[in-house]
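Subject: Structure handover

Hello,

Here is the structure I said I would pass on. Please look through it first; my notes follow below.

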Amino acid sequence: MLEKTFEPQAAEPRLYAQWEESGLFAPRTEGAAGAYSIVIPPPNVTGSLHIGHALNNTLQDILARYHRMKGKAVLWLPGTDHAGIATQMVVERQLAAGGNIGRRDMGRDAFIEKIWEWKAESGGTIVRQLRRLGASCDWSRERFTLDEGLNAAVRKVFVQLHKEGLIYRDKRLVNWDPHFQTAISDLEVEQREVDGAYWHFAYPLADGVTYEHPVAFDEDGKATEWETRDFIVVATTRPETMLGDTGVAVHPDDERYAGLVGKFVTLPIVGRRIPIVADDYADPTKGSGAVKITPAHDFNDFGVGKRAGLPSLNILDAFGRITDVDTPDVPSDYVGQDRFAARKAIVARAEEEGWLREIEKTKHVVPHGDRSGVVIEPWLTDQWYVDAKVLAQPALKAVEQGDTVFEPKSYEKIYFEWLRNIEPWCISRQLWWGHRIPAWYGPNGEIYVAETEEDAREQAMADYDSEVALTQDEDVLDTWFSSALWPFSTMGWPEKTEDLQRFYPTSDLVTAADIIFFWVARMMMMGLHFMDGEVPFKRVIINGLVRDEKGQKMSKSKGNVIDPLGIIDELGADPLRFTMAILSGTRDIKLSKQRIEGYRNFGTKLWNAARFSQMNEARRVEGFDPATVEQTINRWIRCELTKAERAVSEAIEGGRFDDAAGALYRFVWNVFCDWYLELAKPVFQGSDEAAKAETRAMTAWTLDQTLKLLHPVMPFITEELWAELGREGPARETLLIGAEWPVLPDAFIDASAEAEIGWLVDLVGEIRGLRAEMNVPPSAKPPLAFVAPDAVTAERIARHRDLILTLGRMSEVGSADAAPTGAVTFVSGGSTVALSLAGIIDLTAERSRLEKEIAVFDSDIGHVNKKLGNPNFVSRAAPDVVEEQRAKLAEAEAGKVKLQAALARLSEIG
């Protein structure tokens with residue numbers, strides 16, 4: 001007999017160990033009905049499981065378990081990312097906390113050895129946590145983006161792309177982190193709103209030039225007064241960058257400055273002559289309409305500088321300090337100053353010398369390093385780049401022609417937009433932890449790109465008569481570079497392995513929208529280029545972003561983070577997984593602990609249903625054939641199960657996990673537990689032994705099929721029930737994870753059984769709803785009469801009289817030519833039905849109760865309507881607050897309508 005409750009804390013580790021020991025996580029080698037493969041988006045080796053991981057990996061596991069049960073050879077390939085900057089930061093902090101010397105004093109080799117030691121001790125945390133979630137990955141194939149196999153793949157790709165002219169060195173702007181002294185990707189940049197200012201500077205015109213500047217305008221915006229100026233005003237939020245200005249831009253159609261294009265200004269402090277150029281980037285409607293141009297320290301300015309032929313002068317070093325390497329005209333007292341100290345000094349000098357015209361306070365967005373927390377600088381530096389525009393063309397075509405599809409399809413727009421406007425991809429990072437760039441430098445600066453140092457030396461011999469010293473590039477590759485190779489490198493490329501032949505291209509990729517361009521697009525580019533034009537995956541399923549119950553982004557500072565491991569500790573993995581699945585259909589998933597607790601109750605409902613079945617001796621029977629059942633309720637549940645199987649299968653195949661979970665919930669809770677077991681109760685307790693035996697066997701068989709359907713979403717509780725229920729009846733041939741997915745025949749769709757039991761379910765539902773609406777005491781058993789029923793209804797009444805009496809809590813069920821006095825009527829199944837309530841309820845008290853409750857609803861409706869009718873509230877309140885009020889209004893209006901109907905029914909009684 002089952003225990004009273006399922007104890008996930010004890011059961012889940014035991015069940016997971018059984019799955020691992022069974023070998024069923026690995027792809028089957030014989031008798032497979034095709035192949036299904038999916039690669040895990042590799043979490044950072046430094047990471048811990050967060051709610052986004054819980055969502056993403058639950059969806060992947062549903063797919064893997066489903067296709068495994070469908071008989072396919074399933075490869076869900078796991079692994080972790082070496083996470084260059086994050087891992088280096090963790091180990092540096094650990095060294096500092098232990099009082100050790102820093103990495104620069106330690107040296108590169110010793111520091112990297114320390115990181116490998118850290119990985120061996122602590123790098124497996126997230127992998128262990130994925131096991132707790134129930135992830136059925138093939139751990140025997142686990143990969144790491146810095147393991148030797150992937151290292152070889154990365155070197156080969158780099159060398160080949162370099163030979164093809166698709167990897168090159170260039171001096172361009174990058175996102176520079178002065179704390180870590182490395183370039184970082186856009187994904188590692190966090191935009192923060194801060195208090196700042198626009199400092200308006202008057203740059204003097206050179207060579208005695210003056211112009212007439214409008215200062216007054218009529219109501220049509222036409223200038224009416226002018227003043228003579230020998231300066232042009234520009235505004236900046238970063239005054240220190242003026243030291244690197246090489247131009248001032250105005251819009252070509254801006255009449256105010258038309259005569260100044262081609263003239264010069266004298267840059268304050270440094271005295272540098274810089275030209276005034278015409279460029280569409282300048283916006284005549286913003287500020288003065290003139291923009292200072294610092295090509296070496298602003299991405300937009302870099303573009304203007306390219307178009308206008310302006311030099312790019314770097315005025316910052318790697319630490320964010322003022323340097324005069326490119327700008328000997330910068331006064332020496334600024335050199336070596338921190339950028340923010342220089343800002344203060346420049347503003348003070350501008351004020352003192354009179355060219356500071358205004359300080360305009362503002363809030364603006366400033367880029368920060370997501371890990372260092374410092375302000376990021378656009379910085380001009382030599383880096384390695386991939387010619388992404390060339391690689392993007394096949395990736396665009398593949399999605400355009402449907403070789404790879406996105407679910408939902410709307411996400412293709414993000415993919416297309418990025419690829420059609422793609423910039424060169426900076427792939428070098430100034431770190432020590434990562435794939436070191438396979439390039440060596442000769443004594444005269446020659447670059448030799450090769451997979452090994454030995455190959456580089458062979459190249460160098462062509463330039464030198466004797467062997468010379470070569471120095472390998474100090475930089476490592478962007479983490480996203482190795483991740484871009486993930487679908488094929490993890491299967492053994494560049495070797496032609498059996499896994500590649502069998503599982504590439506992969507079937508699905510499940511990932512988040514924010515890395516469509518950082519990862520998905522790059523995998524498409526690399527996969528198509530190196531795998532003979534084959535896409536890396538047939539379908540990309542984009543999961544939503546998990547927010548709190550109010551729709552706000554989760555953050556530690558807000559205190560609204562839901563820790564999945566804490567949920568698993570308290571409630572088990574299954575409720576979390578089911579919640580993730582059923583809420584997965586929206587871009588923004590509103591999650592609360594209460595929702596998860598609700599789906600724990602769903603698991604409890606299933607467990608109690610299994611206990612009830614056991615108590616009523618519903619055991620699996622050797623050779624039982626559900627096709628032979630005769631009882632209407634058994635034909636009906638067979639039909640409902642078949643419909644559920646179709647709905648769940650189609651939803652999982654289509655990547656609609658919310659529809660799959662919804663279909664499971666409706667079948668298990670509403671159909672099987674609430675109705676079938678209720679309808680079976682009188683049979684279990686009756687004297688018809690044949691009906692009893694059939695219903696017991698059908699209950700056990702239906703439970704088995706239900707466990708199979710639910711297993712991909714809630715694997716632990718279903719596996720436990722499979723084992724416990726398997727103690728009676730024929731021996732189980734396999735664990736549930738290895739069981740065959742039910743595929744039920746069309747013949748199980750039974751229209752007559754569906755119509756008959758549907759009639760009974762609707763009738764009992766109407767009776768129960770009416771009892772609740774009219775406040776009928778639970779102990780009261782009023783009589784029920786069908787008004788002039790037709791022959792079919794009369795037969796149904798006769799067959800199901802006992803069930804109607806029991807489930808509806810009626811004293812009798814009969815028929816009448818007209819509704820009895822003191823009865824309320826309703827229509828069910830096309831028949832008029834009368835429920836006699838005279839003498840059972842206090843009409844006066846009930847009428848008073850309903851009127852009071854309607855008055856409460858009226859008050860609520862008036863209060864909410866007043867709020868929503870206030871334009872200030874609607875425009876100023878947060879969207880989720882407005883939506884909450886609208887939902888409250890709809891709920892109150894629906895409640896009022898229901899009570900008004902009940903009040904109207906009272907008038908039928910008297």
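A residue counts as buried when its relative accessible area is under 20%. This is a predicted model, and in it serine 592 has a relative accessible area of 8%, so serine 592 is buried. Serine 592 sits in the loop that links strand S27 (588–591) to helix H19 (593–615). Setting aside neighbours within four places in sequence, serine 592 contacts Glu549 and Ile562.

In soluble globular proteins, nonpolar side chains tend to be buried together. The largest nonpolar core here has 196 residues, and those with the most contacts inside it are Tyr415, Phe481, Met526, Phe578 and Trp636. Helix H21 (residues 657–685) supplies the largest share of this core, 17 residues. Another core lies apart from it and has 42 residues, including Trp199, Met242, Leu267 and Leu316.

As for methionine 526, residues up to four places away in sequence are not counted, and the residues touched are Val157, Leu161, Trp425, Phe481, Ala484, Leu485, Phe488 and Met531.

Last, strand S5 (residues 167–177). S5 runs antiparallel to strand S16 (residues 377–386), and ten bridges join the two. In this pairing asparagine 175 is opposite proline 378 of S16. S5 is also joined to strand S6 (residues 182–184), again antiparallel, by three bridges. There, tryptophan 176 faces alanine 183 of S6 from the opposite position. The hairpin of S5 and S6 has four residues between the strands, and glutamine 181 takes a positive phi near 55 degrees in that hairpin.

Regards

Note on methods: Residues numbered from 1 in each chain as written. Predicted model: local features only at pLDDT ≥ 70, side-chain atom pairs only at ≥ 80, totals over all residues. Heavy atoms only, no water. Pairing = 2+ DSSP bridges. Core = buried A, V, L, I, M, F, W, Y, C linked by side-chain atoms within 4.5 Å. Buried < 20%, exposed > 50% of the residue type's maximum accessible area, 1.4 Å probe, protein only. Contact = heavy atoms within 4.5 Å.
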